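Here are my notes on the model you sent. Please read them with the structure open beside you.

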Amino acid sequence: MEKKLLIGLFAFFFLAVGTASAQTVSIFGVKQYNKTQGKPVNSTDYFKVPDGLENFVLSVQNGSGTKDDVKNFTISLNGQEVVNSRDMRKTNKISIPVNLLSENCLSVNMKGQGGDSLFVGIQGQVIPKKY
């Protein structure tokens with residue numbers, strides 16, 4: 001009985017250590033971008049990625065869950081469009097994997113009516129140290 005218990009505990013410990021989830025950290029944001037009435041709003045932000053991170057995810061929320069979403073927008077990362085308003089026709093939240101450089105440029109361009117907001121954030125996972 002003790003041998004089975006010991007083997008079971010060893011297996012549990014091995015699986016728990018081997019499958020431990022990586023720690024997720026915020027790299028950028030969450031930042032709120034507001035669309036005022038009138039001309040299009042173009043915002044550009046620069047950010048650096050610390051060493052030791054991988055598996056980056058860009059998350060976007062369009063509006064605050066009511067009808068105040070941005071009708072026409074694009075979000076670009078390092079000059080490449082990654083999300084636009086067409087991608088979010090059926091949902092107000094989206095998360096997509098992205099590739100980051102050590103230094104990055106995020107551009108948010110909004111057109112259309114005013115009074116709307118986008119919430120944008122980027123997260124990454126800490127690379128586990130190998131022993």
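**Notes on the predicted model**

1. Lysine 48 and glutamate 103 form a salt bridge through their side chains, with 4.0 Å from N to O. The pair links distant parts of the chain, since lysine 48 is in strand E2 and glutamate 103 is in strand E7 (residues 103-111), 55 residues apart. Both ends are at the surface: lysine 48 is exposed, and glutamate 103 is exposed as well. Please keep in mind that this is a predicted model.

2. How many salt bridges does the structure hold? The count is three. In general, side chains of opposite charge can pair when their charged atoms come close.

3. Another of these bridges joins the side chains of lysine 31 and aspartate 45, at 2.8 Å from N to O. Lysine 31 belongs to strand E1 and aspartate 45 to strand E2, so this pair ties together parts that are 14 residues apart in sequence. Is aspartate 45 buried or exposed? Aspartate 45 counts as buried, because its relative accessibility is 14% and the limit for buried is under 20%. Lysine 31 is partly exposed, with a relative accessible area of 30%.

4. Lysine 71 and aspartate 69 also meet in a salt bridge, at 2.5 Å from N to O. Aspartate 69 has a relative accessible area of 24% and is therefore partly exposed. Arginine 89 has its C-alpha atom 9.1 Å from that of lysine 71, and the two residues are 18 apart along the chain. Arginine 89 sits in the loop between strand E5 (80-84) and E6. With a relative accessible area of 67%, arginine 89 is exposed.

5. Now the aromatic rings. A pair of aromatic rings is described by the distance of the centres and the angle of the planes. The model has one aromatic pair. The ring centres of phenylalanine 28 and phenylalanine 47 are 5.2 Å apart and the planes stand at 35°, so the pair is tilted. Phenylalanine 28 is in strand E1 (residues 24-35) and phenylalanine 47 is in strand E2 (residues 41-48), so the pair ties together parts that are 19 residues apart in sequence. Phenylalanine 28 and phenylalanine 47 are both buried.

6. Next, the sheet. Strands of a sheet pair through backbone hydrogen bonds, either parallel or antiparallel. Which order do the four strands of the open sheet follow? The order is E1-E8-E3-E6, with antiparallel pairing. E1 and strand E6 (93-98) are at the edges with a single partner strand each, so one side of each is left without a neighbour in the sheet. From one strand to the next, the twist averages 15°.

7. The partner of E1 in this sheet deserves a look. E1 pairs with strand E8 (residues 116-126) in the antiparallel sense over 10 bridges. Valine 25 stands opposite glycine 124 in E8.

8. Last, the whole chain. The protein has one helix and eight strands, and the elements run α-β-β-β-β-β-β-β-β from the N terminus on. Of its 131 residues, 33% are buried. Among contacts with a separation of 6 or more, 80% are between residues 24 or more positions apart. The accessible surface comes to about 9200 Å², and carbon and sulfur atoms account for 55% of that.

Note on methods
Residues are numbered from 1 along each chain as its sequence is written. This is a predicted model: local features need pLDDT of at least 70, side-chain atom pairs count only at pLDDT 80 or more; totals for chains, interfaces and linings use all residues. Side-chain values use heavy atoms; hydrogens and water are left out. Rings of Phe, Tyr and Trp (its six-membered ring) pair if their centres lie within 6.5 Å; planes under 30 degrees apart count as stacked, over 60 as edge-to-face and the rest as tilted. Helices (H or I, at least four residues) and strands (E, at least two) are DSSP runs, numbered from the N terminus. Buried means under 20% relative accessible area, exposed over 50%, partly exposed in between (1.4 Å probe, protein chains only). Two strands pair if DSSP finds at least two bridges between them. Axes are lines fitted to C-alpha atoms, for helices over the stretch in contact, and angles run from 0 to 180 degrees between N-to-C directions. Contact means heavy atoms within 4.5 Å. Accessible areas come from the Shrake-Rupley method with a 1.4 Å probe; for residues, only the protein chains shown count as cover.
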